[in-house]
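Biologist: I have a protein model to look through with you. Shall we take it step by step?

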Amino acid sequence: MNGLAPKRMDWTLTGTILALLTISILFVYSAQFQATGSVGSTWQRQFFFGGAGFGLYLLTAWFDYRVLIRWVGWLYPIIIGLLLLVFLFPSINGAHRWINLSGFTIQPSEVAKPITLITIAAFLSAPDRDRESNQTFLWAFGLVALPLILIALEPDLSTALVMIPSVIAMLLYAGIKRKWLVRTIIGFTLFSILLCVWIKYEAPLIADQNKPMAAQKWQLPTVPLLEPYQKERIRVFLSDNVDTADAGWNKLQAQVAVGSGGLRGKGYLQGTQNMLGFLPRTVAPTDFIFCVIAEEMGFIGSISILLLYMLLLGRCLRTAWRAPDEFGRMVAIGIITLLFCHIFINIAMTIGLLPITGLPLPLMSYGGSFMISTLVALGIIQSIYQRCRIR
């Protein structure tokens, strides 16, 4: 049954979301601030995205999440169609990721993530589903492989890969044969290691004239399919020498921004790495918003953000534990894992623990499609919580 029951709402979850949205708007403003009276309109758009997303969060919480089981039959084909449609629009910075309609931009890959997880949950939670059969595993693999391949071809490899842990977590809970999952995880891990080694030692596009021919002939052939910027990010991560002139610039400035914040930070609107443009303004409000916070609010501010995220994930885990049915529990597990991967990867890349990727920070990074899809996903969590049983 549809409806919002204030007494059954998880107000801690809602309050945490509002706190993160408020911090997001403040620091997106800071990321674009240059001087008094000189600031872009990015923070205003972020305010709109956050407000619209929060409205959809409440609307989604109002709906009974179980209706999604009946909707996946057309939600999944629609998102596949949108992922195909992006290739008909002009590329932006060499990528087909957006659908532009009269100034209104949609990024289908962000919407595809929760819809794919809902589709997998509906498939696995069917009462007549034999979860231990090989056929079930292959069907589940096919349902997730199709959007992953389309997203990777855009290219948006980081968005495609971040969905894999979520699907694995759902399959583990569903009781899919462990040997299938173990073989898949081992195979993917070995492939990733070999790919990184290959990229590190592949032949450069232009031969280095300073190296003797004997040293150059042992280089591996060029890795196919991957874009040059994707391979360069991996090389920068694996190399001890940071390329400060090109791909390593963002990595270096992100680490400087985080480290220079100290214990208490430099103060709001006082971050020099951001203010002076060392941290590029094109990425400061998006992928590197955590660097802006760390520089201006320091270690204390950074820990506060992490505590808010821990509270958010903890409330979502509580909802998964109390979910009244298998479908709700699997959806919650998938969303929790997806949020955790975004948070972990985004923060880890800013401090040099992982390669630089294009993954945004949930509820913090600037962006309409990701902000709204994240809040709708959390609205589903709230819908599940309102209908859960007390344990």
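Biologist: Which residue has a backbone oxygen 3.4 Å from a polar atom of the side chain of Ser166?

Modeller: Keep in mind that this is a predicted model. Ser166 sits in helix α6, which covers residues 157–174. Leaving aside neighbours within four places in sequence, Ser166 is in contact with residues including Leu117 and Thr337. The backbone oxygen 3.4 Å from a polar atom of its side chain belongs to Gly334.

Biologist: Is Ser166 buried or exposed?

Modeller: Buried means under 20% relative accessible area. Ser166 has a relative accessible area of 0%. Ser166 therefore counts as buried.

Biologist: How many disulfides does the structure hold?

Modeller: A disulfide is a covalent bond between the sulfur atoms of two cysteines. For a pair to count here, the sulfur atoms must be within 2.5 Å. The number of disulfides in the structure is zero.

Biologist: Take a cysteine, then. Why does Cys291 count as buried?

Modeller: The cut-off for buried is under 20% relative accessible area. Cys341, with 10%, is buried. Cys291 counts as buried because its relative accessibility is 0%.

Biologist: Now two helices. Are α5 and α7 roughly parallel or oblique to each other?

Modeller: Helix α5 spans residues 134–152, and helix α7 spans residues 178–201. They pack at an angle of about 40°, with their axes 10 Å apart. Angles under 35 degrees would count as roughly parallel. So α5 and α7 are oblique.

Biologist: Which residues of α7 make that contact?

Modeller: The contact has two sides. On α5, the residues are Asn134, Phe137 and Leu138. On α7, they are Trp180, Leu181 and Thr184.

Biologist: Let us step back to the whole chain. What share of contacts between residues at least 6 apart in sequence join residues at least 24 apart?

Modeller: The protein has 14 helices and four strands. Of its 391 residues, 49% count as buried. Among contacts between residues at least 6 apart in sequence, the share joining residues at least 24 apart is 73%.

Biologist: What percentage of the accessible surface belongs to carbon and sulfur atoms?

Modeller: Start with the total. The accessible surface of the protein comes to about 18900 Å². The part that belongs to carbon and sulfur atoms is 69%.

Conventions
Residues numbered from 1 in each chain as written. Predicted model: local features only at pLDDT ≥ 70, side-chain atom pairs only at ≥ 80, totals over all residues. Heavy atoms only, no water. Buried < 20%, exposed > 50% of the residue type's maximum accessible area, 1.4 Å probe, protein only. Polar contact = N/O pair within 3.5 Å; in protein donor to acceptor, adjacent residues only side chain to side chain. Contact = heavy atoms within 4.5 Å. Areas by Shrake-Rupley, 256 points an atom, 1.4 Å probe, with all protein chains shown as cover. Axes fitted to C-alpha atoms, helices over the stretch in contact; angles between N-to-C directions. Parallel < 35°, antiparallel > 145°, perpendicular 65-115°, else oblique.
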